[in-house]
Amino acid sequence: MGARHQTWGSRTFDIFNHLFLSIIALLMLLPLLYVIAGSFASDAELSVKQIVLIPTEPTLDSYRYILSSGIIFRSLLNSIFITVIATAINMLSTAIMAYPLSRVTLMGRGWIMKMVVFTLLFQGGLIPNYLLVRELGLLDSYWSLWLPGAIAAFNLILLKNFFQQLPDGIEEAAKIDGCNDMQILIRIALPLSMPSIAALTLFYAVGNWNSYFPALMYIGDSLKWPIQVWLRQIVILSQAGFDVNANMEDYVQPPETTKLAVICVATIPILMVYPFLQKYFAKGMLLGSVKG
Amino acid sequence: MNKQLHMKARPTSTEQGGRNGSRFLKTLIRDKWLYLMLFPGVFYFLLFKYGPMYGLIIAFQNFQPVLGVSGSEFVGFRHFTRLFTEPMFWTLFRNTLILAVYNIVFFFPAPILLALLLNEVRMKFFKNTVQMLIYIPHFISWPVVVGLCYVLFTINGGIVNEIIIGLGGNELNVLMNESAFRPMIVAQQIWKEVGWGTIIFLAALAGVNVELYESARMDGASRWRQMYHITLPAIRSTIIILFILRLGSFMDSGFEQIFLMVNALNRNVGEVFDTYVYSVGLIGGQFSYSTAVGLFKSIIGLLLVVAANRLAKLWDEEGVY
């Protein structure tokens, strides 16, 4: 970056800046490393010396315990199932709505966009949402997690803006070749928008995997719970000294290492998605926002 | 970012309905596939976004599920009067407001500052590594973040208290302590989202012409002056847009998080409108009253966005709508 003669102040700033940023990065990383290390430690080791960054005798006991205790393993499968279907519904409905909205010649487009943007500013709120889901008979069914959040207005606008920037010529050429708009979306617009699609898939998937509140509200049957809800029961409620939920009457308080292992299995699957999509998301997120 | 919520595009004059209906029909037929594709989405928004807004009517009723929205008795503003005279009201109002202000004062500027510092780093490898690490917490759910907090800070052998005691200090029971509740909430928010929040600013900064810095340096401008005169103006409009959007959710600063953090011992500082709606409405079954509470909160939020957007336009900035 240009001229090399740095002042003393400038150099001091650089040193402190690097130092500060390193500390920030470590603060983000250390708690996670502690949890991962702790989950591989034996219970005895964790209770004797508290600070375990490298377990002396790494063991898979807590993971074995999780896999053998049906409920956590089951909730992990539930989470995977919920997330995959939810994300598929999200992407399908968002793409199908974003494409027509990206066609500037479409009549009524402005009104529909206004209707969408308003939902960013004002919502019905918790109780009306709950009553609607109940009215529709979706309680205790995964549809209560899939349908009410099918399209995030913010993501819809992002994708619409991206489609809008695709060159018009290709679309016209396809029209002349006899493609209808649906075919143009599938064969042309989507393949050209892979960075955006990847970014949105990531956003939706992370949101779906991490969400716990709708499940807590709509799903009463604990066998259907996703792992995040169980995590709340096992790690938070037990520690806060609450009476644990009625569903858990015959549930034994798990050892500390198991809690750490549950945190790991609830987190690592979604973290693994990140590197695969990483090269796309920054690009996709930005491209969609250049022009409105 | 700054334009993504901004839609100017209208049907061009040639395509607009026009005077005669046949042209209107022609456009409909020409775009039949587009309308077909639009249909499920519009239906979704009407049902799942505007349906609950219609459901807000019950805030003015004595809603009874058996009678439904149309059959329930209309009671006007009775639930709102009850809310305003409830002794709990001021506690809720204060707690919500303080958390919101903490959020704006401490959390909102954090990603901006971090992005400015990252922008000053010239070693590409260092910058990329730091970026990669600080994005990670964004992918972690609130139950995990709060759970992590419990595991790390508990007085029953949590690592943080072990370190404090090891250094000769007194153990801190931050989880059960009223005064620690708000700082804890803000600290969790910053930990989880500060890194992710830098993306949008770093993107705006990447668009700054490097020659500006070079000529500023030629003129003898220090790093601080460069930051103040070149870097900050470059992200000004992004900051304003994000600020307006933030105000839009001013009144609900992180329900999913607060819900997990509130317990019997910190309810006095932790109970906010949203958690109150949950316990009175969903647990207590007082649907109408709790809907009124939620509506009151949403209206304040809406007013704040409208005001902020006005203000932004007054300052010649682009608003969100």
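Guide: We will look at a pair of helices and then at a pair of domains. This is a predicted model, in which local features need pLDDT of at least 70 and side-chain atom pairs count only at pLDDT 80 or more, while totals for chains, interfaces and linings use all residues. Residues are numbered from 1 along each chain as its sequence is written, and chains are lettered from A and ligands numbered from 1 in the order in which they are written.

Visitor: Why is H6(B) called oblique to H10(B)?
Guide: The axes of helix H6 (residues 109-119) and helix H10 (residues 178-206) of chain B cross at roughly 55 degrees and come within 7 Å. Angles under 35 degrees count as roughly parallel, over 145 as roughly antiparallel, 65 to 115 as roughly perpendicular and the rest as oblique, therefore H6(B) is oblique to H10(B).

Visitor: Which residues make the contact of H6(B) with H10(B)?
Guide: Among them are Ala110(B) and Leu118(B) of H6(B), and Ile190(B) and Phe201(B) of H10(B), where contact means that C-beta atoms, placed from the backbone, lie within 7 Å. By class, this contact has 11 nonpolar, three polar and no charged residues.

Visitor: How do you know where the domains of chain A lie?
Guide: The bounds come from an automatic or database domain assignment, which gives domain 1 (8-48) and domain 2 (69-287) for chain A.

Visitor: What makes up the side of domain 1 of chain A that touches domain 2 of chain A?
Guide: Helix H1 (8-40) and helix H2 (43-48) of chain A each supply at least two residues, and the largest share, four residues, comes from H1(A).

Methods: Axes fitted to C-alpha atoms, helices over the stretch in contact; angles between N-to-C directions. Contact = placed C-beta atoms within 7 Å. Nonpolar A, V, L, I, M, F, W, Y, C, P; charged D, E, K, R; others polar.
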